[in-house]
Amino acid sequence: MQVVKYVFQPHGDDRGQLIALEEFKDIPFKIKRVYYMYDTAGGVVRGHHAHKKLEQILVCIHGSCKIRLDNGKEKKVVPLEKPYEGLYVANNMWREMFDFSEDAVLLVFASELYDESDYIRDYDEFMNFIKEHPEK
Ligand code: T46
């Protein structure tokens, strides 16, 4: 499995850091939605699903967390702990987010509006989906 991590360019000066992200330039799709999670309780594992269509970039802009990616054949754990790193998560990837630090803020850029019918929340259904839609 290829893990795609973006390293964003900070515009740093003696006042501090600033990162600007533009669609089709720094983010490889049109950004239709942005959401973020914070105050995640200790020991919590979020996610447990894949998507039919949605592509996303995850950035832990404060604190740290880990993302488990599973393409049905292979699993990888990717730590996110730098505000200038973005993890690309394709649609057909089972994902779990865990090990959130108390101060973690996980920011997500999404290619689609929120649509519950895009979620695959059952692992067997996910395995069938990837058989029918193999990675290109
Ligand atoms: C994903 C991972 C990385 C909305 O109303 N609008 C939204 O845009 C989102 C993302 C969620 N919600 C509602 C739906 C639920 O009632 O917020 C609640 C929590 O969502 P969910 O349980 O889906 O959150 P996670 O952390 O399990 O998953 C989220 C995204 O839903 C998902 O697309 O890939 O983060």
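Guide: What follows describes the residues around the ligand and then the strands that supply some of them. This is a predicted model, in which local features need pLDDT of at least 70 and side-chain atom pairs count only at pLDDT 80 or more, while totals for chains, interfaces and linings use all residues. Residues are numbered from 1 along each chain as its sequence is written, and side-chain values use heavy atoms, with hydrogens and water left out.

The ligand has 14 residues around it, and Arg33, Arg46, His51, Gln56 and Tyr119 come nearest (a residue is near a molecule if one of its heavy atoms lies within 4 Å of it). By class, this shell holds six nonpolar, four polar and four charged residues (Ala, Val, Leu, Ile, Met, Phe, Trp, Tyr, Cys and Pro count as nonpolar, Asp, Glu, Lys and Arg as charged, and the others, Gly among them, as polar).

In the side chain of Arg33, an N or O atom is 2.5 Å from an oxygen atom of the ligand. For Gln56, the distance from a side-chain N or O atom to a ligand oxygen atom is 2.7 Å. The protein buries 67% of the 660 Å² that the ligand exposes when taken alone (accessible areas come from the Shrake-Rupley method with a 1.4 Å probe).

Strands (DSSP runs of E, at least two residues, numbered from the N terminus) also contribute: β2 (33-37), β3 (46-51) and β8 (94-98) each supply at least two residues of the shell. The most comes from β3, with four residues.

Notes:
Polar contact = N/O pair within 3.5 Å; in protein donor to acceptor, adjacent residues only side chain to side chain.
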